[in-house]
Amino acid sequence: MNRTHAYTYFLASLLFALMPLRVVAQPVPTATPRVAFYGPLIYGDYVTGSINEDIPAAIYTFDGRAGEEVTITLESIRFRPYLALRDADQKVLITNEAGDEDTSIRIDRYLLPADGTYIIRAGTRGGGAKGGYTLRLDRKAGVQGCNSAYHSH
């Protein structure tokens with residue numbers, strides 16, 4: 001190796017050795033519970049499902065219009081029900097959780113703030129519960145004489 005190559009090799013090695021080490025932080029694994037995603041609901045739908053330790057919640061969506069009053073009812077005799085309504089940006093709008101002895105809860109006559117898709121989380125707040133449930137989505141009936149496609153059944 002000639003002097004020029006040796007000198008270049010020495011400088012490159014020195015620069016490499018003096019460069020600060022960059023440590024890349026790795027995400028810490030978490031035990032995030034999974035949820036089951038189901039298709040969209042329409043007003044008047046009544047659905048059944050179940051949750052367990054691995055999947056403590058079910059997610060449903062529906063399309064709503066600003067000013068509509070919606071009622072969401074969740075019933076289970078096997079676990080303490082929990083409901084959350086979110087907008088399309090995942091912002092929590094309202095929640096309800098059953099008391100110790102309650103088997104049915106509802107979000108009653110909630111006034112939708114905007115047109116768009118809404119997300120319902122139905123299940124239990126804590127883990128460890130399992131069992132079947134029923135969920136119903138309703139909207140306040142429209143004015144008599146209007147087109148029936150615009151009010152609940």
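In strand β8, the residue that bridges to L83 is A122. A strand here is a DSSP run of type E with at least two residues, numbered from the N terminus. That bridge belongs to the pairing of β5, residues 82-86, with β8, residues 116-123, which is antiparallel and comprises five bridges. Two strands are taken to pair if DSSP finds at least two bridges between them. In general, strands of a sheet pair through backbone hydrogen bonds, in either a parallel or an antiparallel sense.

Before I continue, please note that this is a predicted model, in which local features need pLDDT of at least 70 and side-chain atom pairs count only at pLDDT 80 or more, while totals for chains, interfaces and linings use all residues. Residues are numbered from 1 along each chain as its sequence is written, and side-chain values use heavy atoms, with hydrogens and water left out.

Let me turn to the sheet. It is open and has five strands in the order β1-β3-β8-β5-β6, with mixed pairing. Which strands stand at the edges? They are β1 (36-41) and β6 (92-97); each has a single partner strand, so one side of each lacks a neighbour in the sheet. From one strand to the next, the twist averages 20°, an angle between lines fitted to C-alpha atoms, taken between N-to-C directions on a scale from 0 to 180 degrees.

I now come to the aromatic residues. The structure holds three aromatic pairs, where rings of Phe, Tyr and Trp (its six-membered ring) pair if their centres lie within 6.5 Å; planes under 30 degrees apart count as stacked, over 60 as edge-to-face and the rest as tilted. The ring centres of F62 and Y118 are 5.6 Å apart and the planes meet at 25°, so this pair is stacked. It links distant parts of the chain, as F62 lies in strand β3 (residues 57-64) and Y118 in strand β8, 56 residues apart. Ring pairs join Y43, F62 and Y118 into a cluster.

Are F62 and Y118 buried or exposed? F62 is buried at 1% relative accessible area, and Y118 is buried at 3%. Buried means under 20%, exposed over 50%, and partly exposed in between, with a 1.4 Å probe and protein chains only.

Finally, consider S76, in the loop between β4 (69-75) and β5. S76 is also buried, at 4% relative accessibility. Leaving aside residues up to four places away in sequence, S76 touches P81, T103, G132 and Y133, contact meaning heavy atoms within 4.5 Å.

Notes
Helix = DSSP H or I, 4+ residues; strand = E, 2+ residues; numbered from the N terminus.
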